[in-house]
Amino acid sequence: MGGVLVALAYLYLSAGIHILSTWRQARSDNAAVVTMERENRLLVRQHETLSRQGTLEAEARRLGMMKKGERPYIVSGLPNN
């Protein structure tokens, strides 16, 4: 009789520990999902910003690029601000 009670107690404790472990893992996974969703929204906004034609042109000009057919001019001798 005592062995049966010990076996039942072991089974209940084992199941309880497994449930607790699963619950902790689920909380951890949910936190990771929230973090990834936030990062995804940020990346989508950055993609939209960088995909705009004006942004592309401004970045290209900052890198010294020109449109086809444009001629570069160098202005020198301007007073210092």
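Buried means under 20% relative accessible area, exposed means over 50%, and partly exposed covers what lies in between. These words are used below for single residues of a predicted model. Glutamate 59, for instance, has a relative accessibility of 37% and therefore counts as partly exposed.

The overall form comes first. The chain holds two helices and zero strands. Its radius of gyration is 32 Å, well over the 12 Å that the globule rule gives for 81 residues, so the chain is more spread out than a compact globule. Along the principal axes, the C-alpha trace spans about 100 × 30 × 15 Å. Of the 81 residues, 0% count as buried. The chain exposes about 8,000 Å², and carbon and sulfur atoms supply 62% of that area.

Helix α1 covers residues 2–51, and leucine 11 has its place there. With a relative accessibility of 53%, leucine 11 counts as exposed, because the cut-off for that word is over 50%. Leucine 11 also belongs to a nonpolar surface patch of about 880 Å², made by Met1, Val4, Leu5, Leu8, Tyr10, Leu11 and Tyr12.

Methionine 36 is another exposed residue, at 53% relative accessibility. Two pairs of residues give an idea of distances along the chain. Methionine 36 and arginine 24 are 12 residues apart in sequence, and their C-alpha atoms are 19 Å apart in space. Leucine 11 and threonine 55 are 44 residues apart in sequence, with 63 Å from C-alpha to C-alpha.

Helix α2 covers residues 53–62, and glutamate 57 lies in it. Arginine 62 has its place in helix α2 too. How far is arginine 62 from asparagine 30, which is 32 residues away along the chain? The C-alpha atoms of arginine 62 and asparagine 30 are separated by 42 Å.

The charged side chains come next. Side chains of opposite charge can pair when their charged atoms come close. How many salt bridges does a search of the whole structure find? The search finds three.

One of these salt bridges joins the side chains of glutamate 57 and lysine 67, at 3.9 Å from N to O. Glutamate 57 is in helix α2 and lysine 67 is in the segment after α2, so the pair ties together parts that are 10 residues apart in sequence. The cut-off for a salt bridge is a side-chain nitrogen of Lys or Arg within 4 Å of a carboxyl oxygen of Asp or Glu, and the pair of glutamate 57 and lysine 67 has its N and O atoms 3.9 Å apart. Are the two residues buried or exposed, or in between? Glutamate 57 is partly exposed, with a relative accessible area of 30%. Lysine 67 is partly exposed too, with 45%.

Another salt bridge is made by the side chains of arginine 62 and glutamate 59, at 2.7 Å from N to O. Both of these residues lie in helix α2, three residues apart, which is about one turn of the helix. Arginine 62 has a relative accessible area of 60% and is exposed, whereas glutamate 59, at 37%, is partly exposed.

Arginine 61 and glutamate 70 also form a salt bridge, with their closest N and O atoms 2.7 Å apart. Arginine 61 is partly exposed, its relative accessible area being 41%. Glutamate 70 is likewise partly exposed, at 31%.

How values were computed:
Residues numbered from 1 in each chain as written. Predicted model: local features only at pLDDT ≥ 70, side-chain atom pairs only at ≥ 80, totals over all residues. Heavy atoms only, no water. Patch = residues over 30% accessible without salt bridge, like charges linked within 9 Å, V, L, I, M, F, W, Y side chains within 5 Å. Areas by Shrake-Rupley, 256 points an atom, 1.4 Å probe, with all protein chains shown as cover. Helix = DSSP H or I, 4+ residues; strand = E, 2+ residues; numbered from the N terminus. Buried < 20%, exposed > 50% of the residue type's maximum accessible area, 1.4 Å probe, protein only. Rg over C-alpha atoms; globule rule 2.2 N^0.38 Å.
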